[in-house]
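Biologist: Hi! Could you walk me through this one, please?
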Amino acid sequence: MKTLLLFVVFLGIRAVRRKDEEQFQANQEIMHNDPSFDDLEEISENPLGAKVLQTVALQIKSGEGIDSIVSLLTNLKGDLEGKQIQQDGSNAAIQSQCKSDMDSYSQRVQLAVNEINDVEFKVGRLESDIEDYTSELDLKQSQIDTFQSSENSLRDLRLKQSANYNKRLGQLKEMINAFQVMLPKMHELYDQVSQRDAESFVQEEAFATSFVQLANSGPSNPILALVQVTSMMDSRSIQTIIEKMEVVRDSLITSVDEETALEEQAIRDNDVTLNEIFNAMQALTREKAADDESLQDTIRTRDQQQKRGSDAQAEFVASKTGMKQRRGQCQELLVQYQQNTIQRSREIEIIKKVQIIIQTKLNVVKSFIQEQQIS
């Protein structure tokens, strides 16, 4: 009897347990079909979501009520929102600084470009000036060389003219001296012939013959030859010869004076020309020295401008490089901020979704925690 009673009780317990299991299975199926269950599965796949569910599980196991759990999640959500606000402010400051830095780099780049363009313009103009000064110096040097050559030629010519003058003057003086020697002899001969043969008459043919004899014997001793020839003439013929010789002598003396005057004038003209050449060369030399000084000043100025251009080019490269690096840094910071913002927004949405599910579907939460064995 007792055994039967125990068997009946066992069957009753078993039936109740089966019913409870069937009810549990039915409830589980209901829970699984609830959309919130799927949401919880998705939340558990997120690292923060998994931690939130672990926190909720601990709160439920410790007997905390819904309000306490919701309050905890609200604080957690507020902490994330506070961090987001803080990061928003930090990002705004960073982006403002980035904009300021980029504006500064852009200004540096533009200033460098302006400097480079200005240098190119000025260097081009200076190079043109250098070319002009160089051409002018070459021209003046060529003119100086031409004047120097002319001066040398004039001096050489003057030396030759002077030598020719001295030669001609010597010849003229020799001829004058010869006449000065012969004329006294002729006068003496004239006096002797006049006394010897005052009334004699010498034919024209004899006079011509006498000059031929004088010409033939003259080169060896002209004075002796003249005396020998004229001694055969009458006084009238000798007088004629004396007169002609005096005319020739006077003509030679006049020629000496004329030659001397011409030589002196040639010396004066040559000195005037040489002085003009000297003055022209001096003026050109001064102008050339001034042009050369201007050329050197221009070259120094060009070199300074080229150094300025090199510095500007270096500044341009440094500014462009710095701008590129800073842009990359700012872009990385912005991307990191955007990624963090997206991640934090997802985490805040997860907490909001968990709050809603807890407030509306606590049984689903408990069932999920129990099934997933979250602790």
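**A first look at the helices**

Modeller: Happy to! Helix α3 (residues 47–61) packs against helix α7 (residues 235–360) at an angle of about 35°, and their axes are 10 Å apart. Helices are DSSP runs of H or I, at least four residues, numbered from the N terminus; axes are lines fitted to C-alpha atoms over the stretch in contact, with angles from 0 to 180 degrees between N-to-C directions.

Biologist: What should I know about the model itself?

Modeller: This is a predicted model, where local features need pLDDT of at least 70, side-chain atom pairs count only at pLDDT 80 or more, and totals for chains, interfaces and linings use all residues. Residues are numbered from 1 along each chain as its sequence is written, and side-chain values use heavy atoms, leaving out hydrogens and water.

Biologist: Which residues of α3 and α7 meet?

Modeller: From α3, Leu48, Gly49, Val52 and Val56 meet Glu347, Ile350, Ile351, Val354 and Ile358 of α7. Contact means heavy atoms within 4.5 Å.

Biologist: New topic: where is Arg158 found?

Modeller: Arg158 is in helix α4 (residues 66–196).

Biologist: Is Arg158 buried or exposed?

Modeller: Arg158 is buried, because its relative accessible area is 11%; buried means under 20%, exposed over 50% and partly exposed in between, using a 1.4 Å probe and protein chains only.

Biologist: And what is Arg158 in contact with?

Modeller: Leaving aside neighbours within four places in sequence, Arg158 is in contact with Glu263, Ala266, Ile267 and Asn270. Arg158 and Ile267 are 109 residues apart along the chain, and their C-alpha atoms are separated by 7.8 Å.

Conventions
Helices (H or I, at least four residues) and strands (E, at least two) are DSSP runs, numbered from the N terminus.
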